[in-house]
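Keep the viewer open and work through the selections below in order. Each stop gives something to select and then what is there.

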Amino acid sequence: MTAAFGGLDLCSCKRGFFTLRDCANSAVATCSVCSRRICPEHITQAGICVECAAKREEDAALDEDATGYAIRSRHRWYRTGDYSPVYWGTGDPYWSDTDYRWYDDPNDDDDGGGFGDS
Amino acid sequence: MANTVKQAFNALTPQQQEIVRTRRFSGARTPDEWIALLGPVAEYDRHADQVRQGGGGFFARRYARKNDVPNGLRTFAFPLLAILREDIEPGAPLELWVDLSGPLQSGKATRSTPPYKKPPYRKIVDTFYDDIWLQGRTRFADGSRLQFAVIDHVRSTFKEKKNPRGKIKRKTKNKKKTELTVTLTASNRMYAKTAGGRAAPKVKLKPADKHTKVTLGGTLVAPNMEAVPQLESLIELISGAYERVAPARRKKL
Ligand SMILES: [Zn+2]
Ligand SMILES: [Zn+2]
């Protein structure tokens, strides 16, 4: 899943709290933990992406702005609040340990991929 | 000792000072615009609260008491912006109506009981107040629309009695409950209603041709008049609403 979609080098983080979708920003850095390509909004000072920072509970890296606060809260809410987000993004094994919800119909591919192409 | 609270207040823009003074604001802005407007107000309040709790000199403490921003902004409305910002359609406005001026105002009174007696009290009057202190409406990137409201319901009981020495004693006791309500209008192009979803005291599901309207609500007893519900209470209701619809197509947003 590291191959850029359509030749574009886009950020691999997901936007959203109740539902998840792809971040539309161009990537400028590589997360030193997950090795995914990340945009300026989703990379932290520590050189890791906000999603890895939230997973590792490195709150210091996240506290400063709205995005950091939201991603940290999101990570906690999926666990403590037992919430499964709706997934509208490109498939990414990074999310395989999250219990998300998506339309599961093998006959339907009206959007030309995105899921199961990894 | 420098009055750091006054300095912090003076550093705010006239519009932000107006919010601190009136404790009211409304409008339609993007989440980033709201954060830019309210971030410094929340920061001012954080500093004023520290000073009020004994972190500053006498004048700073007095200034902080007089120019307080109720905690509903710093602990609820402001962090909510960052959460909603994630799902709001890029460029779409978040309409907000915020009134933190407090429930005990004649304009917010809904009714009073006629005076009644209950020994040892010779006169009791209950007055009920409804205070919608936070209301919002916006559009999400998945095409859903979200509406929410936080409403304080207060019962204020005035009691009067005569003590054995003939002296009249009066007191007023207030009890508060906070109602939270959320309506998610999910487009049928994206979602279909589904069974299940976490329980909530009030659940309404209204399917229609173009959308499914899910309303969830609940009421929390407040431990005191200043108490503000946890932000998680509202997040819980929005989550419960989303759990009542399931994605109906495969699509990348
Ligand atoms: Zn990462
Ligand atoms: Zn990004």
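Select B:Asp32 first: in this predicted model, B:Asp32 has a relative accessibility of 46% and so counts as partly exposed. B:Asp32 belongs to helix H3 (residues 31-55) of chain B and B:Arg85 to helix H5 (residues 71-87) of chain B, so the pair ties together parts that are 53 residues apart in sequence. Is B:Arg85 buried or exposed? B:Arg85 counts as buried because its relative accessibility is 18%, and the limit for buried is under 20%.

Keep B:Arg85 selected and bring in A:Glu41. These two residues also form a salt bridge, and here the closest N and O atoms are 3.2 Å apart. How many salt bridges does the rule find across the interface of chain A and chain B? It finds one.

Now show the whole interface. On the chain A side 36 residues are in contact with 32 residues of chain B. The area buried between the two chains is about 3000 Å², and carbon and sulfur atoms give 58% of it. Select A:Phe18, A:Arg21 and A:Trp88: together they supply 27% of the area that chain A buries against chain B, more than any other three residues. Polar contacts between chain A and chain B number 14 residue pairs, with both residues at pLDDT 80 or more. Colour strand E1 (14-15), strand E2 (19-22) and helix H3 (66-80) of chain A; each supplies at least two residues of the side that touches chain B. The largest share of that side, eight residues, comes from H3(A).

Chain A has three helices and five strands, and from the N terminus on its elements run β-β-β-β-α-α-α-β. Of the 118 residues in chain A, 49% are buried. Among contacts in chain A with a separation of 6 or more, 41% are between residues 24 or more positions apart.

Bring chain B back and select the largest nonpolar core, which has 81 residues. Which members touch the most other members? They are A:Phe18, B:Tyr44, B:Leu84, B:Leu134, B:Phe148 and B:Tyr242. Domain 1 (1-91) and domain 2 (102-253) of chain B both give residues to this core, so the core lies between them. Centre on B:Tyr242: its contacts include A:Phe18, A:Thr19, A:Tyr83, A:Val86 and A:Arg101 from chain A, and B:Phe140, B:Leu184 and B:Tyr191 from chain B.

The next stop is B:Glu160, which counts as buried because its relative accessibility is 9%. B:Glu160 forms a salt bridge with B:Arg170, the closest N and O atoms being 2.8 Å apart. B:Glu160 lies in strand E6 of chain B and B:Arg170 in strand E7 (residues 168-187) of chain B, so this pair ties together parts ten residues apart in sequence. B:Arg170 is exposed, at a relative accessible area of 56%. B:Arg122 is in strand E5 (residues 121-139) of chain B, 38 residues from B:Glu160. B:Arg122 is partly exposed, with a relative accessible area of 34%.

Finish with B:Asp45, B:Asp49, B:Arg52, B:Asp68 and B:Arg74, which salt bridges with shared partners join into one network. Over all chains, the count comes to 25 salt bridges by this rule.

Definitions and conventions: Residues are numbered from 1 along each chain as its sequence is written. Chains are lettered from A and ligands numbered from 1 in the order in which they are written. This is a predicted model: local features need pLDDT of at least 70, side-chain atom pairs count only at pLDDT 80 or more; totals for chains, interfaces and linings use all residues. Side-chain values use heavy atoms; hydrogens and water are left out. A nonpolar core is a set of buried Ala, Val, Leu, Ile, Met, Phe, Trp, Tyr and Cys residues joined through side-chain atoms within 4.5 Å. Buried means under 20% relative accessible area, exposed over 50%, partly exposed in between (1.4 Å probe, protein chains only). Domain bounds come from an automatic or database domain assignment. Contact means heavy atoms within 4.5 Å. Buried area is the accessible area (1.4 Å probe) that two parts lose on being put together, summed over both. A salt bridge is a side-chain nitrogen of Lys or Arg within 4 Å of a carboxyl oxygen of Asp or Glu. A polar contact is a pair of N or O atoms within 3.5 Å; within protein, one must be able to donate a hydrogen and the other to accept it, and residues adjacent in sequence count only if both atoms are side-chain atoms. Helices (H or I, at least four residues) and strands (E, at least two) are DSSP runs, numbered from the N terminus. Lists of a residue's contacts leave out its neighbours within four places in sequence.
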